[in-house]
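Subject: Structure handover

Hi,

Here is the structure for you to pick up. My notes on it follow below.

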Amino acid sequence: MMKGVLKISGMHCASCAANIENALRKEKGVLSVNVNFASEKLYLEYEEKIATPEKINGLLKNLGYKVGNDKKEQNDKIKELRKRLIFALLSGLPIVYMVMGEMIGLPIPSRLMAGENYGIIIQLVLATAVIISSFNIWASGFKNLLRLAPSMDSLIFIGTSLAYFYSLAITILTFLGGKLEAHLYYESAALILVFISLGKYLEAETLGKTSEAIKKLIGLQPREATIIKIKNEKFKIKNYNEKFKIREWIEAKIPISELEVDDIVVMKPGEKIPTDGVVIDGYSGVDEKMITGESVPVEKTVGSVLIGGTVNQTGRLVFKVTRVGKDTMLAQIIKIVEEAMGSKAPIQLLADKVSFYFVPSVIGIAIFAFAVWLLLGQPLAFALTVFVAVLIIACPCALGLATPTAVMMGTGLAAKNGILIKSGKALEIARDVNMVIFDKTGTLTKGEPTVTDIIEIKNSKLQILRLAASVEKNSEHPLAEAIVIKAKEESLTLSAVKGFQAIVGQGVSAYLKKRKILFGTRKLMAENQIETHTIEEKMIVLEDQGKTAMILAIDNDILGIIAVADTLKEYSKEAVKILHQMGKKVAIITGDNGRVGQAIAGQVGIDMVLAEVLPQEKSAEIKKLQGEGRVVAMVGDGINDSPALAQADLGIALGSGTDVAIETGDVILLKDDLRDVVTAIDLSKYTLSKIKQGLFWAFFYNIIGIPVAAGTLYPLTGWLLNPSIAAAAMAFSSVSVVANALSMKYYRPTI
């Protein structure tokens, strides 16, 4: 299976996007297709051997669309639309002056009056000029009609061509047989196309602004990097300190496309970091705001991780390259944001269905209204005005733009705040979350536990610590690391053990000189027939303090207890408090026993504790809550919580810098700040409200506009909608929907 993203030019409305989707879905080998009208991008999954890229490109060209791929093409499109608009205005406004000026008494030479022969010829010439300037609209509309897949351009083509050719016929008859008492529609045809051209130009300009977040991210990438070379070779020694043995190394600038893993890069103050790496020399503060949303510069010393695209501020840094190209953090962020901007929220399905059937329905309504007014005895000119007005005022563009523009702005805003939302679906689900579950270690707590207590049972404290550390040095668990660090602080010599085994959720075991050492939970002891009731009281005291108590046993004898505690993250309590204020239930899920879980929950103010849950059991616990009608968000570190994040309605993966688990969860928080959970939910609510506003006005506009254009007010008021005014209203509706989405840039997080 292959995935692809194509830039499509030539789409003029949501109906175009629907036509492309329906045509591609019929192709063998195409697994999924999504066209984003707002970004003019096609997202495809296909079997390459069946649906080849050449075949897909050919199909798109046959449909009348062009495949492009660069920003220059978008700029060229805007310039072309601007030129067409200026030409249409210069040609169309004189007609308007001639027709409207005569009606309101503006000075016009008598020979140029709209009804005089010279005036008629001038109108014909100028209207023809407007049509030539907007001929791409006519061509697109006519082609789609021939394919029986009418679009917005088809409505414009039918309406304006009918007005133009009707007027042309009256003009010819007038010059052949004298003066006819019939209204000419040159000014309507011209003005409609002027307004449509204006609308398309404004739409293209404003749509370009919805992807500013992506442009800024792409703009973070510097073009060059300064590396260290030895003579003519790159400096690639793993131990940077070896540089002191070498006297012939120099600094050289190279394009970042030539950077390779393990290259040594030198950074001066004020320079952008070209790619991901690890500091091997120097000290500085780095501005990571554009990546993580963190406003305070982050201190960087030897061993610190650097993210490409961030800015070195104060000192000189030397770092070893760890990732290049598409593997860098910035590249992955850009990919996620682009895919999210191109995705569809479930709410858009309604708009897509309406848009697909919209244009044929409008043509039907226009024909019906035309026939009714003729049957009611109105003259042809009256019925024609109604027919053209109905065709022109209808606007599927607004329906098609409401959701994608808001999704693009919402995901862009989230990225600006250090939150990666992977899809429009995730945006919509986040709003409905009513329960948030936090993993304990590394999520609510810092994941940097320290040894707090060593309880003697049969051996001395140092002996207990030495034995426990000798076994745990083979483990990668954070609790193991805390015990090994404590042993190093006490300058203890660790023993070599054999047969090390980690028992998930219980502890570890190993052999020391044929003696079996066990270190872990009550459950581990019970499964090895070791009775723990004699130490139960001591365990309870420690656990009630929120500490994780682990038992050390050797050959079925309990030697002692080691207690480890983890500190809460800075904003854990504040995040839980705000979630409560938002009406959300909050739970903690942990492999620790109930007492430890309750102690942590009490400190933070959490409602529910799910304790003694093994990593593989977490998803089952979430499924149980979902069965009770909960919409669950799971917040975890994105590594051992993957099954739970996948099971949750919304998986939120916590990460820090390049350690973030990009492939895990629906939402990724680039900072270890739990308040971003609140921001993600709040931003999704805000985005959904903007989508609903856009859809409401799009539906409302058409529900009101089409009946008015059909002449429903005429019997009551004697007023009939002018097709030119209908064109202005149609253009305004699309621009207003996009402008409403653009107003989202003023959003500020609630905390």
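**What I found**

V359 sits in helix α11, which covers residues 348-375. Keep in mind that this is a predicted model. V359 has a relative accessible area of 0%, so it counts as buried. There is also a link across the sequence. V359 and A394 are 35 residues apart along the chain, and their C-alpha atoms are separated by 8.1 Å.

**A buried loop residue**

S304 is in a loop, between β11 (298-300) and β12 (305-306). Is S304 buried or exposed? Its relative accessibility is 15%; the cut-off for buried is under 20%, so S304 counts as buried. What does S304 touch, leaving aside its neighbours within four places in sequence? The contacts are G277, V278, V279 and E299.

**Helix α5**

Next, a length check. Helix α5 has twelve residues, 135-146. At 1.5 Å a residue, the helix should span 16 Å. The C-alpha atoms at its ends are 16 Å apart, so expectation and model agree.

Which residues of α5 are buried? They are I137, W138, S140, G141 and N144. These residues cover an arc of only 165° around the axis, so they lie on the same side of α5. An α-helix has 3.6 residues a turn, so residues three or four places apart point the same way.

**Two helix pairs**

The first topic is α16 with α17. Helix α16 spans residues 461-472 and helix α17 spans residues 478-489. They pack at an angle of about 130°, and their axes are 9 Å apart. That angle makes α16 and α17 oblique to each other. Their crossing is left-handed. On the α16 side, the contact is made by L465, A468, A469 and E472. On the α17 side, A480, I483, V484, K486 and A487 make it.

Then there is α24 with α26. Helix α24 runs over residues 675-709, and helix α26 over residues 723-742. Their axes come within 9 Å and cross at roughly 170°. Angles over 145 degrees count as roughly antiparallel, so α24 is roughly antiparallel to α26. From α24, the residues in contact are K690, Q693, G694 and Y701. They meet A726, A729, M730, S733, V737 and N740 of α26.

Over to you.

Best wishes

Key. Residues numbered from 1 in each chain as written. Predicted model: local features only at pLDDT ≥ 70, side-chain atom pairs only at ≥ 80, totals over all residues. Heavy atoms only, no water. Helix = DSSP H or I, 4+ residues; strand = E, 2+ residues; numbered from the N terminus. Expected span 1.5 Å × (residues − 1). Buried < 20%, exposed > 50% of the residue type's maximum accessible area, 1.4 Å probe, protein only. Arc of directions from axis to C-beta. Contact = heavy atoms within 4.5 Å. Axes fitted to C-alpha atoms, helices over the stretch in contact; angles between N-to-C directions. Parallel < 35°, antiparallel > 145°, perpendicular 65-115°, else oblique. Left-handed = near helix turned anticlockwise from the far one by under 90°.
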